[in-house]
Amino acid sequence: MQDDPPFDGKAFVANLSSAPGVYRMLSVAGDLLYVGKAGNLRKRVGSYFLKPTLQPRIAAMVAQIARIEITLTRTEAEALLLEAQLIKNLRPRYNILLRDDKSYPYIHLTPGDYPRLAFHRGARNGGGRYFGPYPSAISVRETLSLLQKLFRIRNCDDSYFKNRSRPCLQHQIGRCSAPCVDFISAVDYQASVRHAAMFLEGKSNALLDELIAQMEQASVNLDFERAALMRDRIAAVKKVQARHYVHGAGRDMDILACSIANGIACVSVMFFREGNSLGSRDFYPRLGLDDDESAVIGSFLGQYYLERPVPVELILSHAPEGIDVLTEALSEHAGHKVELKTSVRADRARFLEMAVTNAAAALAARLASRQTLLNRFEALRDLLGLDELPQRIECFDISHTMGEATVASCVVFGPEGPEKSQYRRFNITGITGGDDYAAMHQALERRYRRIQAGEGRLPDILLIDGGLGQVRQAIDVLATLGVEGVRVVGVAKGEARKAGHESLILGDSGRSLWPGPQSPASHLIQSVRDEAHRFAITGHRGRREKAREASSLEEVAGVGAKRRSALLRQFGGLAGVTRAGVEELMQVDGINRGLAERIYAALHG
């Protein structure tokens, strides 16, 4: 079969439209190399083929192009949004890529007569109100703790709330008004909920005015206990307001600063809402063809705010190319006017300087951490006598409880750290409970059969959490599958199971090494093994709980899959079903008194 002719970029550009749009460059194998946007496609794409000289990295990419796909848009702003979507979804090799696939946390105020305030992450389709997004889970939990102290709103789930007969510990320590046992009326509880919502909306001054009025009215009515409660609440709100209010940040705004060094970029974002500082967060996007601060800021804006609320003001440390188009696109996406500013004065200049300092400090810490990890990889290379630095380490571990719900984990590390998208778990079946050798054999065989089928690639080093017996299982599996070039190393626990005192069993020779607790190679192996253990035990616990939920109810005559599912859904899990009385169980569709009594008896011995 004759090879396809090389891609003729000049001929392609000659017939290209000058309209705005998005272009996608692909290799012979169909891999996506790069996604770009342009106000004039012919001019932008032509720059790759008509310029006399290109930067080496760009020239390397252009040499791989086999075809280019085009999508026309009405405006350059539409092209920018489409480009951001494609980069986020398709993750091209040569683009600046925001490596942040976690959804942001919110505070959820549920609907109903007695709403709860709770941490929430994920789709916002549960009714009620959502406040956020917050930059981190820590900031959400700090805010929730503060709200519980101020307004005593419940945070327990509904199944727990509906089955209480006496106040819980949260009430005893002054963090809940105990609506579950009618210690507070629905009207007063709703007032506390409204005050909490005002606080979350940043309406602290209006909240203080209302609390002061209520305190004065309580004093007039000689209700001194309520007046004292309002007085303490006012003092607490003022204290928080003094701590969180930032002068000059009266509008919703984000401050973004970028710093680049040694091939790593850091974007630090500071969040302000209604004058309150919500903290900051650091991001480390993957650099692409354009590796200056302005390009990183521009790509970050498109990808980051594509699925998040956009504040009215964005203050930037570097002006991205096409800032007017970015402003138009973000305003259109947000549904309100968005301002992008790079030249600011007074307080905003102070905030921007703070963000720049944060970005530089975070990047320095990242580089130091990366260098430490690199030193550890080099130490492991020297310890094992390898010719080259290992680029991929896989580690396996087994977790079970007396042979129940056995789960094997596989974690992957590279010189950049853990590669969590490559982690895998294996539910082990068909073996004698507690047979760790058989469990390890099954996990390894399933893993490397998949790799032979094209899922992932082989590691340079295979760590096995165990002694010589476990190592032999790995060697047998690799030999049976015909896998070569993988160095097998067992990690056997040392004296008194102390960290750093492990011995390493080399699969190729069977001899042992003792790197010692001071060895950087030992530190690397400990961190990889501990991560494998954490990942395995988390999977085991989840599998064990599911098995126990199912088996406990399966033993009850008359409870099939449909009724079992209805019970678990109604009460939020087996713990909720166990707490429920016969009358509560009868409220589930299909459960009569006789069956409810059998369920109750089975769950309570």
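Predicted model: local features only at pLDDT ≥ 70, side-chain atom pairs only at ≥ 80, totals over all residues.

Student: What makes the contact of Lys-341 with Glu-313 a salt bridge?

Tutor: The closest N and O atoms of Lys-341 and Glu-313 are 3.4 Å apart. The cut-off is a Lys or Arg side-chain nitrogen within 4 Å of a carboxyl oxygen of Asp or Glu. The pair therefore qualifies as a salt bridge. It links distant parts of the chain: Lys-341 sits in strand β11 (residues 339-341) and Glu-313 in strand β10 (residues 313-316), 28 residues apart.

Student: Why is Lys-341 called partly exposed?

Tutor: Its relative accessibility is 24%. Buried means under 20%, exposed means over 50%, and partly exposed is in between. So Lys-341 counts as partly exposed.

Student: How many salt bridges does the structure hold?

Tutor: The structure holds 21 salt bridges. One of them joins the side chains of Arg-392 and Glu-419, at 3.8 Å from N to O. Arg-392 lies in the loop between α13 (346-384) and β12 (393-401), and Glu-419 in the loop between β14 (417-418) and β15 (424-427), so the pair ties together parts 27 residues apart in sequence.

Student: What makes Arg-529 and Glu-502 a salt bridge?

Tutor: Their closest N and O atoms are 2.7 Å apart, and the limit is within 4 Å. Arg-529 is in helix α16 (residues 520-554), while Glu-502 is in the loop between β17 (487-492) and β18 (503-506), 27 residues apart. Both Arg-529 and Glu-502 are buried.

Student: Which residues are joined into one network?

Tutor: Salt bridges that share partners join Glu-313, Glu-339, Lys-341 and Arg-348.

Student: Why does Ser-259 count as buried?

Tutor: Ser-259 has 18% relative accessibility. The limit is under 20%, so Ser-259 counts as buried. Its place is in strand β7 (residues 253-261). Leaving out residues up to four places away in sequence, Ser-259 touches Ile-264, Ala-265, Cys-266, Ala-359, Ala-360 and Leu-363.

Student: And why does Ser-27 count as buried?

Tutor: Ser-27 has 10% relative accessibility, so Ser-27 counts as buried. Ser-27 is found in the loop between β1 (21-26) and β2 (32-38). With residues up to four places away in sequence not counted, Ser-27 touches Leu-33, Gln-64, Ala-66 and Arg-67.

Student: How many residues of the chain count as buried, as a percentage?

Tutor: Of the 605 residues, 46% count as buried. The chain has 20 helices and 19 strands.

Key:
Residues numbered from 1 in each chain as written. Heavy atoms only, no water. Helix = DSSP H or I, 4+ residues; strand = E, 2+ residues; numbered from the N terminus. Buried < 20%, exposed > 50% of the residue type's maximum accessible area, 1.4 Å probe, protein only. Contact = heavy atoms within 4.5 Å.
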